[in-house]
Amino acid sequence: MMRLLLTVTVLLVASACNNDAQTTATSPSPVVQATLQTEFYADTLQPGDLRFYSFSVPSDSTASAMLGSIVRLDGRVDASQRIGLGFGYPSGTTCTVTQWVVTTSGLTAQLKGWLTKGVHCVAIYDPGGMTVPLNFAVRFEHFF
Amino acid sequence: MSSGRLFLLAAWCAMSVVTSAACTGDRKASTTDTLTSPSLSPADPIVTETFTGTLRPNATVFYAFTVATYGTVNITLDEVTGVQVSEDVPFEFEIGPGVPRGTGCSPNSVLVVAPGEGPHSSGVFDAGIWCVRLRELGNMSGPARFRITIAHP
């Protein structure tokens with residue numbers, strides 16, 4: 001008799017409290033559909049300057065950037081020139097860089113990073129040592 | 001029924017009542033929590049940023065700022081100085097809050113305002129990175145200095 005009463009009591013408790021659990025389990029959860037987007041940014045970088053391009057990502061995700069070319073204004077390729085390439089966030093009139101690499105141009109991504117949901121920027125900057133303006137082209141990929 | 005069994009039955013009834021009340025209590029609390037959960041009342045601006053610079057004819061400039069929490073953002077074009085504008089054109093500028101995009105600021109809305117007491121633009125923003133864009137409408141004959149104040153949570 002006592003076992004029966006205890007069993008019934010436990011079942012009653014479980015069934016009564018289980019309703020809440022079911023309600024919680026069936027509540028809708030947001031779904032973010034993200035697709036990979038490739039963007040290009042080309043401009044002229046002056047000595048001592050930083051140029052940037054802003055973009056948004058819908059959720060925490062990876063991103064990569066490739067500094068594809070560095071060319072002097074006279075058209076001569078400058079393969080040995082090292083340039084700063086970074087990810088950051090727009091702040092004031094600039095991009096505050098949080099992940100970066102100083103690199104020469106190449107055809108593989110020199111920078112791979114992890115970005116949180118929100119607005120970010122890819123920055124190209126003179127790490128020091130530039131003496132003439134340079135045209136650059138960056139290809140970067142992020143989730144959109 | 002023996003006194004022992006009577007005692008067990010009474011104990012079971014008491015336990016059931018207590019348990020039921022506890023679970024019902026939870027449900028009521030849960031419902032009440034839902035009903036009285038804190039509504040998203042926008043936070044007041046507590047940070048003020050000043051954006052100054054030079055604005056050229058027909059040019060745009062922008063400034064990015066971070067809103068820490070859902071709240072009210074007030075933007076004021078305080079002044080534009082150092083330039084002469086003929087009297088037959090309005091001394092007005094386009095100003096708009098938006099999102100940094102590409103090499104600029106993509107405004108959600110724009111207003112044409114005269115510099116002075118504000119706020120010229122006031123709205124409720126989610127937490128995140130936003131920007132304000134200022135555009136010269138072709139009324140100025142040369143570059144001018146400007147000052148914009150952004151107040152946000």
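Thr66(B) sits in strand S2 of chain B, where strands and helices are DSSP runs (E, at least two residues, for strands; H or I, at least four, for helices) numbered from the N terminus. Thr66(B) is partly exposed, with 19 other C-beta atoms within 10 Å; on this scale a residue is buried if 20 or more other C-beta atoms lie within 10 Å of its own, exposed if 12 or fewer, and partly exposed in between, with C-beta atoms placed from the backbone. In sequence Thr66(B) and Ile129(B) are 63 residues apart, but in space their C-alpha atoms are 4.4 Å apart.

This is a predicted model, so to speak of local features pLDDT must be at least 70, and side-chain atom pairs count only at pLDDT 80 or more, while totals for chains, interfaces and linings use all residues. Residues are numbered from 1 along each chain as its sequence is written, and chains are lettered from A and ligands numbered from 1 in the order in which they are written.

**Confidence**

- The predictor gives the complex an ipTM of 0.76 and a pTM of 0.76.
- Chain B has a mean pLDDT of 83, with 75% of its residues at 70 or more; pLDDT is the predictor's confidence in each residue, from 0 to 100.
- Take care with residues 13-36 of chain B, where the pLDDT is below 50. That stretch has 12 contacts in the model beyond near neighbours in sequence, a contact being two residues whose C-beta atoms, placed from the backbone, lie within 7 Å.

**The two chains in outline**

- Chain A holds 1 helix and 8 strands, and along the sequence its pattern reads α-β-β-β-β-β-β-β-β.
- Chain B holds 1 helix and 9 strands, in the pattern α-β-β-β-β-β-β-β-β-β.
- Buried residues account for 28% of the 144 residues in chain A and for 22% of the 153 residues in chain B.
- Among contacts with a separation of 6 or more, residues 24 or more positions apart supply 78% in chain A and 81% in chain B.

**Strand pairing in chain B**

- As background, strands of a sheet pair through backbone hydrogen bonds, either parallel or antiparallel. Here two strands pair if DSSP finds at least two bridges between them.
- Val67(B) stands opposite Gly128(B) in S8(B).
- S8(B) also pairs with S4(B), residues 93-101, in the antiparallel sense over 6 bridges. There, Gly98(B) is opposite Cys131(B).
- An open sheet of 4 strands in chain B has the order S1-S9-S3-S7, with antiparallel pairing. Its edge strands are S1 (47-55) and S7 (121-125), each pairing on one side only.
- Neighbouring strands of this sheet are turned by 20° against each other on average, direction ignored; the axes are lines fitted to C-alpha atoms (for helices, over the stretch in contact), and angles run from 0 to 180 degrees between N-to-C directions.
- S1(B) and S9(B), residues 144-152, run antiparallel and are joined by 9 bridges. Glu49(B) has Ile150(B) as its bridge partner in S9(B).

**Nonpolar cores**

- The largest nonpolar core has 28 residues, of which Ala65(A), Val122(A), Ile124(A), Phe136(A) and Val138(A) touch the most other members. A nonpolar core is a set of buried Ala, Val, Leu, Ile, Met, Phe, Trp, Tyr and Cys residues joined through C-beta atoms within 7 Å.
- Strands S1 (36-45), S2 (50-57), S3 (61-72), S4 (83-91), S6 (111-115), S7 (118-125) and S8 (134-143) of chain A each supply at least two residues of this core. S7(A) gives the most, with 6 residues.
- Leaving out residues up to four places away in sequence, Val122(A) touches Tyr41(A), Phe52(A), Tyr53(A), Ala65(A), Phe87(A), Val138(A) and Phe140(A).
- Another core lies apart from it, with 23 residues, among them Phe62(B), Phe65(B), Val73(B) and Ile150(B).

- Most residues other than glycine have a negative phi, and most peptide bonds are trans.
- Asn58(B) has a positive phi of about 65° although it is not a glycine. Asn58(B) lies in the loop between S1 and S2 and is exposed, with 11 other C-beta atoms within 10 Å.
- The peptide bond from Gly118(B) to Pro119(B) is cis, with omega near 10°. Pro119(B) is in the loop between S6 (111-113) and S7 of chain B.
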